[in-house]
Amino acid sequence: MSEIVLILGNGFDLDLGLKSRYSDFSFSVEWDELYRRREKYLQNEQNHNQSLLEQIKDARCDAWFDLEEEINIFVHRQINLNPKQITIDCNKKDYSLLKYTLKNYLVRISDAYKLNTACLSLCLLNAVFNNKHSNKQIFSFNYTDCIKLCKFYGAPKGLLEYIHGSLNEDIVLGCEVYNGNKINRNYSFLYKYNMLNKPNKIVKNLLKAKEVVFFGHSINEMDFCYFKEYFKAASTTVGRDKHLTIICKDKESEIRIKDNIRSQGIIVTDLYNNLDVFDFIHTDLVYAENIKENRKWNNLINRIK
């Protein structure tokens with residue numbers, strides 16, 4: 001098992017300089033094409049207002065919106081509809097077109113990407129990649145290829161594992177069933193567990209790792225099923241030489257992440273009590289050359305490299 005485990009969320013791609021927010025996608029030429037193509041099959045549909053893409057379009061904003069959270073809201077709203085109001089075939093087409101168009105957008109911006117050599121995400125990957133003494137594993141919740149984007153052409157095979165698919169294969173895009181939620185069997189094709197087709201070793205690696213680093217992942221309830229056993233163990237067992245570092249944008253992001261962890265039944269204070277190192281690093285402050293934050297960043301890089 002890996003001694004170093006790196007978990008990547010969309011904040012990692014954003015730090016690289018990739019415009020990979022759902023809001024970026026929603027103001028792209030691909031987004032416009034998505035709705036133009038959609039008009040072709042809407043001619044015979046009577047319930048446009050019960051459409052997945054209509055809800056997503058209404059949620060679009062200049063700043064930020066969560067595509068998967070909108071899918072989750074949509075699925076659970078449909079539970080209370082009568083059968084005559086349900087337009088499953090239309091929404092299957094919506095969903096397939098949405099995935100196809102999102103992939104096209106990410107392929108285009110990935111192909112056009114110019115590497116920012118001063119970014120922290122590249123620095124961290126360099127440290128992980130150049131460590132020849134420890135087993136390491138990168139688990140990405142992004143669809144993009146961070147190794148290709150950062151030009152690590154000599155990376156060992158299997159170093160990067162995609163949890164939700166990649167641009168070279170089908171992608172996992174949808175929602176999960178939370179505690180107390182009913183399963184909407186009419187729209188079960190939108191549940192992530194029905195899209196998975198191969199096991200991953202993320203839980204085993206997290207439990208065995210000495211150094212766990214989250215970069216740009218909000219650790220939200222949508223993905224917490226992947227981290228639950230790790231956080232349970234980290235918060236209930238004194239960990240010798242166990243380090244957890246969560247890299248996020250700022251203090252507000254840190255608070256949201258702590259709230260997300262606590263909402264899943266993990267006592268955040270116990271993480272501070274049981275782990276040898278439990279740190280949040282704010283990228284905004286590191287870039288601003290804050291002394292305290294730079295010290296934490298340098299300590300992390302020195303432990304990894």
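Predicted model: local features only at pLDDT ≥ 70, side-chain atom pairs only at ≥ 80, totals over all residues.

Leaving out residues up to four places away in sequence, I56 touches W31, Y35, F65, L67, E70 and L98.

I56 is among the residues with the most contacts inside the largest nonpolar core, along with L6, L124, L190, F215 and W297. That core counts 67 residues. Apart from it I found another core, of 28 residues, with V5, I202, L206 and A234 among them.

Then the sheet. I read an open sheet of six strands, ordered β3-β2-β1-β4-β5-β6, with parallel pairing. I checked the edges: β3 (160-162) and β6 (277-282) each have a single partner strand, so one side of each lacks a neighbour in the sheet. From one strand to the next, the twist averages 15°.

I zoomed in on β4 (residues 211-215) and β5 (residues 243-248), which run parallel and are joined by five bridges. V213 has T245 as its bridge partner in β5. Helix α7 (residues 120-130) packs on the sheet, where I see it touching β1 (4-8), β2 (136-140), β4 and β5. The direction of α7 makes about 155° with that of β4.

Last, the cysteines. How many disulfides does the structure hold? I got zero. For C150, the closest cysteine sulfur is in C119, 6.1 Å away, so that is too far for a bond. C248 also has C119 as its closest, but at 17 Å, again too far. Both are buried: C150 has a relative accessible area of 4%, and C248 has 7%.

Notes. Residues numbered from 1 in each chain as written. Heavy atoms only, no water. Core = buried A, V, L, I, M, F, W, Y, C linked by side-chain atoms within 4.5 Å. Buried < 20%, exposed > 50% of the residue type's maximum accessible area, 1.4 Å probe, protein only. Contact = heavy atoms within 4.5 Å. Pairing = 2+ DSSP bridges. Helix = DSSP H or I, 4+ residues; strand = E, 2+ residues; numbered from the N terminus. Axes fitted to C-alpha atoms, helices over the stretch in contact; angles between N-to-C directions. Disulfide = S-S within 2.5 Å.
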